[in-house]
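Work through the exercises below with the model open beside you. Try each task before reading its solution.

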Amino acid sequence: MNESHPRISKAVIPAAGLGTRFLPATKATPKEMLPVVDKPAIQYVVEEAVGAGLSDVLMITGRNKRPLEDHFDRNYELEEALIKKGDQERLAKVQESSDLATMHYVRQGDPRGLGHAVLCAAPHVGDEPFAVLLGDDLIDPRDPLLARMVEVQERVGGSVVALMEVEPSQIHLYGCAAVEPTGDADVVKVTNLVEKPDPADAPSNYAIIGRYVLDPAVFGILRETEPGRGGEIQLTDALQKLAADESAGGPVHGVVFKGRRYDTGDRGDYLRAIVRLACEREDLGPDFRNWLRGYVTEEMQGL
């Protein structure tokens, strides 16, 4: 392994958002704890990090986020009750979340944007490259995006972002990348980044989705980054500076993702994610698919 590209072991998960799109459900329950079938969305994200070899996980939290810590902690009273019942199956599910990873937590305080949330991780991360996983994006484990990003970063250094092609009319919802091809079909070099551009001004239809592998040089840039769009410190602005000046912390590359992604930050996509994942479950899928076929048939006949 090249000494300048050390192995990545730490993942950062920003989870301080208010979840206003899911009110009133998120008035007292963190949006990250909303269930996707029978498991909270945030557990899928932690499992993804662990699956890519990143077992040291720092979660950036805020007020009313204590249930996140409780979920990944031991619950001895519940475990004892399940042991007395002889319910080994549910006991294993309860213990699974507490045994997943080495979890750490830090509060963001004022919600000043994704860039500020990432900056809160600096004392924990230190001078190592690290991954950032946004909790609203669930990546299907059969499409190992993060593992590929880690592989690219360890090979070429610098920072790596996840990109997905979207309809030009939708690019204003995302950070957008201007890119150049490389020798790898799924890897591009990022030459510029723009946060939520107007479609007419977008340099491409490559949207940044919620996975990053970052060089620690990003911390120094974030400390000097002024609030941007929405009055928040934007991670995209810091990455744009890295892309423009490789001497500041290496190049920025993008891995173009064409796999299965579920956006649990949108109510419609959240419901679609539940349906898709439930249909694929061995224990739920057969009966649920039969019910779904019947329901759709009845709805179509009623049109």
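Helices and strands here are DSSP runs, numbered from the N terminus; a helix has at least four residues and a strand at least two. The model is a predicted one.

**Exercise 1. Describe helix α7 and what follows it.**

Solution. 
- Step 1: Take the span. Helix α7 covers residues 145-156, which is 12 residues. From first C-alpha to last it reaches 17 Å, close to the 16 Å expected at 1.5 Å a residue.
- Step 2: List the buried positions. In α7 they are Leu145, Leu146, Arg148, Met149, Val150, Val152, Gln153 and Glu154.
- Step 3: Recall the helix repeat. An α-helix has 3.6 residues a turn, so residues three or four places apart point the same way.
- Step 4: Look past the end. Gly157 follows α7 and has a positive phi, near 75°.

**Exercise 2. Find the partners of strand β9.**

Solution. 
- Step 1: Pair β9 (residues 175-181) with β10 (residues 187-195). The two run antiparallel and are joined by seven bridges.
- Step 2: Five residues form the hairpin that joins β9 to β10.
- Step 3: Pick out one bridge. Glu180 has Lys189 in β10 as its bridge partner.
- Step 4: Turn to β11 (residues 206-214). β9 pairs with β11 in the antiparallel sense, over two bridges.

**Exercise 3. Survey the aromatic pairs.**

Solution. 
- Step 1: Count. The whole structure has four aromatic pairs.
- Step 2: Examine Phe22 and Tyr270. Their rings lie 5.4 Å apart, centre to centre, with 80° between the planes. Over 60 degrees counts as edge-to-face, and this pair is edge-to-face.
- Step 3: Locate that pair. Phe22 is in the loop between β1 (10-14) and β2 (35-36), while Tyr270 is in helix α10 (residues 267-280). They are 248 residues apart and link distant parts of the chain. Both Phe22 and Tyr270 are buried.
- Step 4: Examine Phe130 and Phe219. This pair is stacked, at 5.1 Å centre to centre and 5° between the planes. Phe130 is in strand β6 (residues 130-133) and Phe219 in helix α8 (residues 217-224), 89 residues apart. Phe130 and Phe219 are both buried.
- Step 5: Find the cluster. Ring pairs link Phe288, Trp291 and Tyr295.

**Exercise 4. Characterise the largest cavity.**

Solution. 
- Step 1: Count and size. There is one cavity of 30 Å³ or more. The volume of the largest is about 70 Å³.
- Step 2: Name its lining. The residues are Phe22, Lys31, Glu32, Leu34, Ala41, Gly135, Asp136, Thr264 and Tyr270.
- Step 3: Sort the lining by type. Four are nonpolar, two polar and three charged.
- Step 4: Connect with Exercise 4. Phe22 and Tyr270, both in the lining, also form the edge-to-face pair.

Conventions. Residues numbered from 1 in each chain as written. Predicted model: local features only at pLDDT ≥ 70, side-chain atom pairs only at ≥ 80, totals over all residues. Heavy atoms only, no water. 1 Å grid on protein atoms, 1.4 Å probe; cavity = no way out; pocket = protein on both sides within 12 Å on 5 of 7 lines; lining within 4 Å. Points joined across faces, edges and corners; volume = space filled by probe spheres on them. Nonpolar A, V, L, I, M, F, W, Y, C, P; charged D, E, K, R; others polar. Expected span 1.5 Å × (residues − 1). Buried < 20%, exposed > 50% of the residue type's maximum accessible area, 1.4 Å probe, protein only. Pairing = 2+ DSSP bridges. Phe/Tyr/Trp six-rings, centres within 6.5 Å; stacked < 30°, edge-to-face > 60°.
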